[in-house]
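Subject: Structure handover and notes

Dear colleague,

I am passing on the structure we spoke about, and I would be grateful if you could look through it alongside the notes in this message.

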Amino acid sequence: MGDMSNSDFYAKNQRNDSDQVAGFGCSVMELRSLMELRSTEAVVKIQEDYGDVEGMCTRLQTSPTEGLTGDQDDLDKRKEIFGKNLIPPKKPKTFLQLVWEALQDVTLIILEVAALISLGLSFYQPPGDSTGAYCGAAAGGGEDEGEAEAGWIEGAAILLSVVCVVLVTAFNDWSKEKQFRGLQNRIEQEQKFQVVRGGQVIQLPVADIVVGDIAQIKYGDLLPADGVLIQGNDLKIDESSLTGESDHVKKEANRDPMLLSGTHVMEGSGRMVVTAVGENSQTGIIFTLLGASTEEEEKKEKKDRAAEDGHRNTDCSHPPIHPIATIATDGAAGINAPGSGSLINGKMQDGNMESNQIKVKKQDGAAAMEMQPLKSAEGGETEEKEKKKPSGSKKEKSVLQGKLTKLAVQIGKAGLLMSAITVIILVLYFAIDNFVLQGLQWLPECTPIYIQYFVKFFIIGVTVLVVAVPEGLPLAVTISLAYSVKKMMKDNNLVRHLDACETMGNATAICSDKTGTLTTNRMTVVQCYVADVHHKLIPDPGVLPPKTLDILVNSIAINSAYTSKILPPDKEGGLPKQVGNKTECSLLGLVLSLKRDYQTVRNQMPEEKLYKVYTFNSVRKSMSTVIKLPDGSFRMYSKGASEIVLKKCNHILNEVGESRVFRPRDKDEMVKKVIEPMACDGLRTICVGYRDFSCNPEPNWEDENNILTDLTAICVVGIEDPVRPE
């Protein structure tokens, strides 16, 4: 059975590969295995198979500069062959599953048991008998007729309250889950990434990215797909989400060009060609192995059934190890041809998969660690672990629910004790009164009457127990929490679980992000200090020296990520759209306010011609870009936090656009008269400067300490992030 499953698996992949190669120069599995490689190993593989990254783009029928054409038929074909850039979520719990979870509450279980016993005993009708005359006081055991007829009401009322609690809880969970998924889908649709299509940089929903797209990446981005770097500027990636290593990994096209989904861009910018999306990307593979996709769940069920059939049809001495080999090759990021090798822990290893589980366990610890989760994911665990699985699916109780459950158990125990004492006292009173004080004998014909009396004692005990358990407590808590959820919904607060209201009610301090949460995240330059004048409003371009204006416009246009731009508003009369880094967008907005066009400057100096880029990071707190001037000399534009950049400035442009010495006391005076007043107005201050270098000899660009110094200050701007109206 295992051999058949393996052969089917490989046959399917071979058919897929042939189909894919027919349309493109490489298949899904080739690209998946390529993305498993790192550093020079990946560079060598790309050179051997494709020549270079441009050769890979040619095989993928895309242009490294123009991107895809954007033809809908081509995009649909790519999605069909290479997959869509989304990972199917887990199936939501059905309403009946939520009802069953709500029924697991200890308080409700106690109420259910008490109600069923009370309800059952209320329908007990003792047989009529005429022997009461000589059975003594036992004949008085009969119930009042009205009491007997109304005995079922108490049990039914308890059951009704349980049904109300369960339905309210389940319905709230179901509706909130539905709303949450809708909100999640909307958020995912709003998540956009910059790609190049038809030579134009456009914002595209992450789910619409396909293999072959040319994506522009920059500082702060979360990579939505796997790709190979085409061109980068001081690019550093945080791969801790995949590797656990906190050190940033430097990416270069000729050293380590592999970019993985789910990793963060910590420094720099660049362009990459997308090679794997969705379940074929590194994040998708991890989700698949963890069983987070619906496709994997379907595979589980099929393989479980196949394994059961195999156990029935094969001898027990041959354990079905082949499905595990299939899982390892299917779940990992690459694939081997049958017989050539296997994938263990995501790495290529020579030799076939061992055909015995004991041999697999004898491999290195990493392999054993990798194989164990795979077995558990495919239903190969022991019965003990199978028993533990359902318990893991129970919802965690909130603090209040935990206390109520503890209180209900204590009340239940106390009620049970009191009901037992009540029954014992009644039985003893009956026995002493009849058989000791009255001296009656136990007559066989009186036995039904005695039993009737004992049943009545038991019913009284159950009544004591039922009365002791507070059936209204869960209902009151559930209804109050449901009411809180509705009230919070009116305030635009979506609460997914009822107990979150209680959690928030216990909070004494709430920490909130400022940018974009308390503010609109729409940065705007409102003040500037330029040409020795502090302008409280954006000045007219005519009052600025032409030389200073030209240098300022060039500095802002070139020394900003080319992905940052100002687009026309969606609606007439609306505000222009800010795309990319908001601080850079505010500076670009300043250029537009000065009646100049930054795009013209960028067209004259495209990103490929930038000589050197020192990207912004938390250590530098500035960004600098070096360009080569027509005469062969170099000019470096720099911008960053005013307190950092001003310290590196030894000159400043004066009122006529000429450079003058910028002494330490001048810096102190500027801090007191310009920067501090801006800061008091709640403005973020940015300093813009530049420096010229001769071409002979060419500076050592790696020596940052000597490069990022001796600057000439152009201006200081104050940027405002307006507070939200609400």
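What follows is a short account of what was found, going from the whole chain to a few single sites.

Please bear in mind throughout that this is a predicted model. The protein chain has 726 residues, of which 42% are buried, and its secondary structure comprises 26 helices and 20 strands. When contacts between residues at least 6 apart in sequence are considered, 70% of them join residues at least 24 apart.

As for annotation, the UniProt record, an unreviewed entry, places the feature "transmembrane region" at residues 416-437 and 457-483. In the model, the stretch 416-437 is 100% helix and 0% strand, with 30 Å between the C-alpha atoms at its two ends.

On the α21 side the contact is made by V553, I556 and A557, while α22 contributes L587, L588, L590 and V591. By residue class, this contact consists of seven nonpolar residues, with no polar and no charged ones.

S638 sits in strand β16, which covers residues 634-641. Is S638 buried or exposed? Its relative accessibility is 2%, and because the cut-off for buried is under 20%, S638 counts as buried. The side chain of S638 makes a polar contact, at 2.9 Å, with the side chain of S624. Leaving aside residues up to four places away in sequence, the residues that S638 touches are S555, N559, S622, M623, S624, C687, V688, G689 and L711.

D721 is found in the segment after β20, the strand at 711-720. With a relative accessible area of 13%, D721 is likewise under the 20% cut-off and is therefore buried. Which side chain does the side chain of D721 meet in a polar contact? That partner is the side chain of T519, at 2.7 Å.

Definitions and conventions: Residues numbered from 1 in each chain as written. Predicted model: local features only at pLDDT ≥ 70, side-chain atom pairs only at ≥ 80, totals over all residues. Heavy atoms only, no water. Helix = DSSP H or I, 4+ residues; strand = E, 2+ residues; numbered from the N terminus. Buried < 20%, exposed > 50% of the residue type's maximum accessible area, 1.4 Å probe, protein only. Polar contact = N/O pair within 3.5 Å; in protein donor to acceptor, adjacent residues only side chain to side chain. Contact = heavy atoms within 4.5 Å. UniProt positions renumbered as here; feature names shortened; annotations may be inferred. Nonpolar A, V, L, I, M, F, W, Y, C, P; charged D, E, K, R; others polar.
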